[in-house]
Amino acid sequence: RVRSLLVDGGRSEDAALDLLCSLEGGLAKRVNMESVLYNQLPHQTAKLMNVQPQKPKEADAFVKAFLKRSLPKKSEEAIEDILTRKAVPLEHLHKRRRRARKTRGKGLSAKQRREMRLFEIKPEHQRYEMFLPLHELWKQYIRDLCNGLKPEAQPQMIQTKLLKADLHGALLTVTKSKCPSYVGITGIVVQEMKHVFKIVTKEDQLKVVPKLNNVFSMEIDGFVSYIFGSKIQFRASERSAKKFKAKGTIDL
């Protein structure tokens, strides 16, 4: 009947015979594999593995009793239905725990920082001598950054490194400015912000000097460097990653 259906479906008789033979061969292989899989263990193998072979009825009773113990909430009909439709995992399944996402705490806003006065330096701390150790640390930091500031070092390379360096602790002097009152101010940088430097002078005064329209100079081990404040209006963290382009002339 299968052969006649295949021929009626448009296949030639030879092709139908080949397909029928392949189907019969696959079915025979499956039956053979099932017979091997469910066949009883030989006596010698069972003795070697220390397993007592059971008869089909005993094995069937054992499986049903095991499933009843493993699935106590299921009825026999439900267990039979599960066995005929899908495989049952006998191992205990571990539910994956979802990791809770760590939420970063929000930092303080600029308004909150101003209200808490976090960046204000108290008058009793505005002393030049108090920041001299910071200046010594900064000088050692610059020497390590510029490989010792050797006389044969290229000035352009040192200038590029100084533009990206942290200036907290640097001894700055305002050499040029559009506002004459800023010219000549010298002191140690205690705070650098985006648009201003906070400098403590030798007279123990805190000066707030804007970067815009000012030229600063700093000297270390005989090397004098000039910095145009208008070109470094960045925060210290942003300036360290900034790429500065060389320009021939720069106006205030």
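These are my notebook entries on a predicted model of one protein chain.

**Ground rules.** I number residues from 1 along each chain as its sequence is written. The model is predicted, so I take local features only at pLDDT of at least 70 and side-chain atom pairs only at pLDDT 80 or more, while totals for chains, interfaces and linings use all residues, and side-chain values rest on heavy atoms, without hydrogens or water.

**Overview.** I started with the secondary structure and found nine helices and six strands; these are DSSP runs, H or I of at least four residues for helices and E of at least two for strands, numbered from the N terminus. Of the 252 residues, 21% are buried, meaning under 20% relative accessible area with a 1.4 Å probe, protein chains only.

**Helix 8.** Which residues of helix 8 are buried? In this helix, residues 155-164, I noted I158, L162 and L163. They cover an arc of only 140 degrees around the axis, which puts them on the same side of helix 8; the arc is taken from the directions from the helix axis to the C-beta atoms. They pack against helix 7 (132-145), strand 5 (214-220), strand 6 (223-228) and helix 9 (236-239), where contact means heavy atoms within 4.5 Å.

**Cores.** Next I opened the largest nonpolar core, which has 23 residues. A core here is a set of buried Ala, Val, Leu, Ile, Met, Phe, Trp, Tyr and Cys residues joined through side-chain atoms within 4.5 Å. W138, I142, L167, L172, F197 and M218 touch the most other members. Helix 7, helix 8, strand 1 (171-177), strand 3, strand 5 and strand 6 each supply at least two of its residues. A second, separate core has six residues, among them I121, I188, V190 and V200. I then followed W138: beyond its neighbours within four places in sequence, its contacts are D166, L167, H168, G169, A170, M218 and I220.

**Aromatics.** How many aromatic pairs are there? I count one, with ring centres of Phe, Tyr or Trp (its six-membered ring) required to lie within 6.5 Å, and planes under 30 degrees apart called stacked, over 60 edge-to-face and the rest tilted. The rings of F197 and F216 have centres 5.1 Å apart and planes at 80 degrees, so the pair is edge-to-face. F197 sits in strand 3 (residues 196-201) and F216 in strand 5, 19 residues apart. F197 is buried at 1% relative accessible area, and F216 is buried at 2%.

Definitions and conventions
Buried < 20%, exposed > 50% of the residue type's maximum accessible area, 1.4 Å probe, protein only.
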